[in-house]
Amino acid sequence: MKDILTKNIGLKIVSVVLAVLVWMIVVNISNPEIKATKQVQVEVVNDDVITNAGKIYEFTGSDTVTVSYSVRTRDEYKIKSSDFRAYVDMKDLYDVTGSVPVNVEVLNNKDIILDVSAKPSVLRVKVEDIIKTTKDIEYELEGQPADGYAVGNVDISPTSVSITGPATYVGQIKTVRILIDVDGISEDITGTAIPLFLDASGRTIDLDETDVTVNHTTVNYSLTTLIGKSVPVQYEVSGSPAPGYSFIGVEGTLKEVIIRGSKAELAEVNSIVVPASVLNLEGTNVNREVLVDLKNYVPGNLQIVGDSVSSVTMKVEGQEEKHFSINITQVAVTNTVEGLQYMVEPITVGVVLRGIKSDLDSLDPKEILGTVDVANMTEEGIYPADVIFTLPAGYMVKSYTPVTVKVTGKPVVHEFESSQEPESPQIHREDPESESGSTSGEAQDESRPETEKESEREPEKETEKETERETESEASHETQSESSESTTEENQ
């Protein structure tokens, strides 16, 4: 084998070189046409038709296209991505589908480039409104001041921020907040904080990768420290709103206050409580506001530092109805009988609940649970059934799809139950030959406890035992005390 490969090695090398030269000569002479592609960035023109309408756009996919073209073999090396221009004209945007066609132009080497096309031929564009909103900036204190000190007045600047951007992102922002570290402080402090943008669940929204802009990226703060104690304010509410409305919460402008006084008095106060007698919403169908001076509810000689008047809002909301569909597996069967099988139908149960809209919108159908009591369903058949629903607080069942229970099988009867025979009362006979003894026995029977007399009346299970007991009864009349003990032991 080695001889075959090495024999005439020079001739073989020359043959390969000649073959390559011949191929290159043929290619240069014929110069065939080939297909090639280039990746080209898409340019956007006339986008002012969207921005001038107060809207913003973005491509839902890639903003590049693959340009296909034909070129002669010898000219392929000359072609570059910059020889092409791919663009979309926003005037051609089709609102129904959100698509815009891709146009391709040849900028250079037009004489050698043929059959130009782009893939994809259309791009998907998402267009939405640009909105602007203003949010007040809240602050949150982290940590606790040094012992004996409390945070006094807190000033922030600016107090609000303007947010501009696509409705999708701006609409998610519910709160703007800064965090101020007060852990261990014993003097006035100042600083700068970066505002956080939070959604309704308190999660931070990252705006770096969005088209949202804000007019303030930092917030300055200053706060004073006081010798005192910060305590929360609790608002208690009484009364019931108008029919068809629910109480959804109470909110005061003062959620906590700083109180000053002796250390002993401060140690005994953990909150300021506004009693329910002050906040009554009986019969109201709108939010009710009350001004409350918290000084009236500070015990002892303690004093409130700063503003003490809180504007308290008792919130009510109208009840609505909403339909939910739950799986029958969420309905449990109780009080079953051994040996019987139960099938609750239909597979899907519709439940109409009544409650406030915000609660209904947040309720997970999997939280709706129910039970069916089958204690009275002891034979095969199909029975209508009532469902007892278990719901989170604040909801009421208005109606639900009727359900039935199909019962199959037979109840299990255990052996010890089937072996029991009907019981018959015990027969007592008197012996004529011992009449006096019998009379004496009857007198004793009258004087014995009722439970003992009942025990003597227990039924016998077999005829033979009855005969034996008659014999024993006759013998017992001879000695009254022995008769009583014997009868009690036999019945036991």
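**View 1. Salt bridge between Arg354 and Glu321.** In this predicted model, the side chains of Arg354 and Glu321 form a salt bridge with an N to O distance of 3.4 Å. The pair links distant parts of the chain, with Arg354 in strand S25 (residues 348-356) and Glu321 in strand S22, 33 residues apart. Arg354 is partly exposed at 22% relative accessibility, and Glu321 is partly exposed at 43%.

**View 2. Salt bridge between Glu140 and Arg177.** The side chains of Glu140 and Arg177 meet at 3.3 Å, N to O. Glu140 belongs to strand S8 (residues 122-142) and Arg177 to strand S11 (residues 175-181), so the pair ties together parts that are 37 residues apart in sequence. Glu140 has a relative accessibility of 34% and counts as partly exposed; Arg177, at 23%, is also partly exposed.

**View 3. Salt bridge between Lys78 and Asp75.** A salt bridge of 3.3 Å, N to O, connects the two side chains. Lys78 is partly exposed at 35% relative accessibility, whereas Asp75 is buried at 14%.

**View 4. Surroundings of Ser308.** Ser308 sits in the loop between strand S21 (303-305) and strand S22 (309-327). With a relative accessible area of 5%, Ser308 is buried. Leaving aside residues up to four places away in sequence, Ser308 touches Leu254, Val292, Asp293, Leu294 and Lys295.

View 5. Leu18 lies in helix H2 (residues 9-30) and is partly exposed at 47% relative accessibility.

Definitions and conventions. Residues numbered from 1 in each chain as written. Predicted model: local features only at pLDDT ≥ 70, side-chain atom pairs only at ≥ 80, totals over all residues. Heavy atoms only, no water. Helix = DSSP H or I, 4+ residues; strand = E, 2+ residues; numbered from the N terminus. Buried < 20%, exposed > 50% of the residue type's maximum accessible area, 1.4 Å probe, protein only. Contact = heavy atoms within 4.5 Å. Salt bridge = Lys/Arg side-chain N within 4 Å of Asp/Glu carboxyl O.
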